[in-house]
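Please read this briefing alongside the sequence and the coordinates. The topics run from the overall fold to single sites.

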Amino acid sequence: MIDVDFNTLHLMGLTPAMAQHLVLQPEPEGGPFTLARLTEVHRDSVRVHDGRHERSARVLPRVSRELDDDDTAPAVGDWVLLQPDAHGDCWVHARLPPLSHIARRDADGSRHPVVSNVDTALIVMGLDDDFNLRRLERYLALVQGSGVQPVVVLTKADVAAPTAQLLAPRLQEIRDRMSDALDVIAVNGTHPSAAQALAPWLNDGQTVVLMGSSGAGKSTLTNTLAGAFVQDTGAVREHDSRGKHTTTSRSLHCLPGGACVIDTPGLRALRPDVDEATLAWLFDDIGRLALHCRFRDCRHQDEPGCAVREGIGHDRLRNYHKLLREARRDTMSVLERQQQAAAWKVRGKATRAWMKMKRGDE
Ligand SMILES: Nc1nc2c(ncn2[C@@H]2O[C@H](COP(=O)(O)OP(=O)(O)OP(=O)(O)O)[C@@H](O)[C@H]2O)c(=O)[nH]1
Ligand SMILES: [Zn+2]
């Protein structure tokens, strides 16, 4: 049985549910081990915190291999078992199965962990030109199905509300398009009042992850919540509100109030790791309307009598189709993907031959 010092590790975001889950895990042979949480993951090393000290450690090749076999890798927020070797170097001997986990996909379909063991995902979006509902749906898809509650945090309310009167219409746009159950709050991330607005999700022992594009204000919010400067922040380009990717890696910080916050870098291309069932849940308005389509197998593309096309905004439906295509592609087997690539190649060749022929005609 793994020895769990709850009072110390509670400061690192150990929840009662996780503590119970951990004591049920068999302890690997060769102990004793120290239980700690991953606060940063780098290429060759990790940072770990045991509630008293933070230090560097390395993951045993056996552990990396086992995780790799399961198509995953260590993630910030994971609970691990540590042991020093004879030289005083610290090693991760086991990664304990997480209770919640968020992963994304690369363009080639490979899966990458984002974070583990978080209670709430704060999806941070600026009320300036960063505001984008398609991207918001993408983040919701990323979080949905991972056991994590999403909360939308609209930043820069101090600029957008009084000068451009953007707050009310943008809140309405979200209300019109997304589920009524979605929590949405607007804050000035630079002001301490933001911490009060987020207090319901920052109780003692809870962990939140901040996600959103570069320049959205994640690091600013992290610093405000921490009441100290823990993350670098950067100015955004004026013409498009884009950030400069100031944050380059994920990191976990403990707040004075007892919650943990994980800041993440803005992702350039965000591809959620979701299946069709999860998307059906996220876009349940489409599912409800589909009952009224003329054809039972309506794809809501060009069929006549399609109730979905009639009842859903064009942009939301387009985004749904795009996410669905990606999800299907990601869950394709390697063989299927190769077959599809081969088919595209043949089609490309045929197109090029046809163009050449046409040019020859002229
Ligand atoms: N006025 C105002 N400025 C904000 C607010 N939130 C963020 N900013 C500013 O927006 C810029 C970008 O903020 P960051 O916190 O660095 O953005 P980020 O999301 O961490 O960006 P990356 O680290 O690149 O992923 C900074 O100049 C902040 O001062 C806000 O609520 N109000
Ligand atoms: Zn239809």
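Two residues are taken to be in contact if their C-beta atoms, placed from the backbone, lie within 7 Å. Among contacts in the protein chain between residues at least 6 apart in sequence, 66% join residues at least 24 apart. This is a predicted model, in which local features need pLDDT of at least 70 and side-chain atom pairs count only at pLDDT 80 or more, while totals for chains, interfaces and linings use all residues. Residues are numbered from 1 along each chain as its sequence is written, and chains are lettered from A and ligands numbered from 1 in the order in which they are written.

**Overall composition**

- The protein chain holds 13 helices and 13 strands, where helices (H or I, at least four residues) and strands (E, at least two) are DSSP runs numbered from the N terminus.
- Of the 362 residues in the protein chain, 35% are buried; a residue is buried if 20 or more other C-beta atoms lie within 10 Å of its own, exposed if 12 or fewer, and partly exposed in between.
- The chain is divided into domain 1 (6-95), domain 2 (101-263) and domain 3 (276-330), with bounds that come from an automatic or database domain assignment.

**The barrel**

- Five strands close into a barrel in the order E1-E2-E3-E5-E4, with mixed pairing, and two strands pair if DSSP finds at least two bridges between them.
- Neighbouring strands of this sheet are turned by 55° against each other on average, direction ignored.
- Strand E1 (residues 34-41) and strand E4 (residues 79-84) pair in the antiparallel sense over four bridges, and Leu81 of E4 is the bridge partner of Leu35.
- Helix H3 (residues 61-69) packs on the sheet, where it touches strand E3 (54-59) and strand E5 (90-95), and its direction makes about 30° with that of E5; axes are lines fitted to C-alpha atoms, for helices over the stretch in contact, and angles run from 0 to 180 degrees between N-to-C directions.

- Helix H4 (residues 133-143) is largely enclosed by the rest of the structure, because eight of its eleven residues are buried, including Leu136, Tyr139 and Leu142.
- The buried residues of H4 pack against E6, strand E8 (120-126), strand E9 (149-155), strand E11 (207-211), helix H9 (276-282) and helix H12 (314-330).
- After H4 comes Gly145, with a positive phi near 85°.
- Nine residues of domain 2 are in contact with eleven residues of domain 3, and the largest share of the domain 2 side, four residues, comes from H4.

**Asp106**

- Asp106 lies in the loop between strand E6 (101-105) and strand E7 (111-116), and counts as exposed because it has 11 C-beta neighbours inside 10 Å.
- Not counting residues up to four places away in sequence, Asp106 touches His112 and Arg271.
- The C-alpha atoms of Asp106 and Pro272 are separated by 8.8 Å, although these residues are 166 apart along the chain.

**The annotated binding site**

- An unreviewed UniProt entry lists Cys293, Cys298, His300 and Cys306 under "binding site"; such annotations may be inferred rather than shown by experiment.
- Cys293 is placed in the loop between helix H10 (284-290) and helix H11 (307-311), and His300 also lies in the loop between H10 and H11.
- Cys293 counts as partly exposed because it has 19 C-beta neighbours inside 10 Å.
- Leaving aside neighbours within four places in sequence, Cys293 is in contact with residues including Cys298, His300 and Cys306, whereas the contacts of His300 include Cys293, Cys306 and Leu317.
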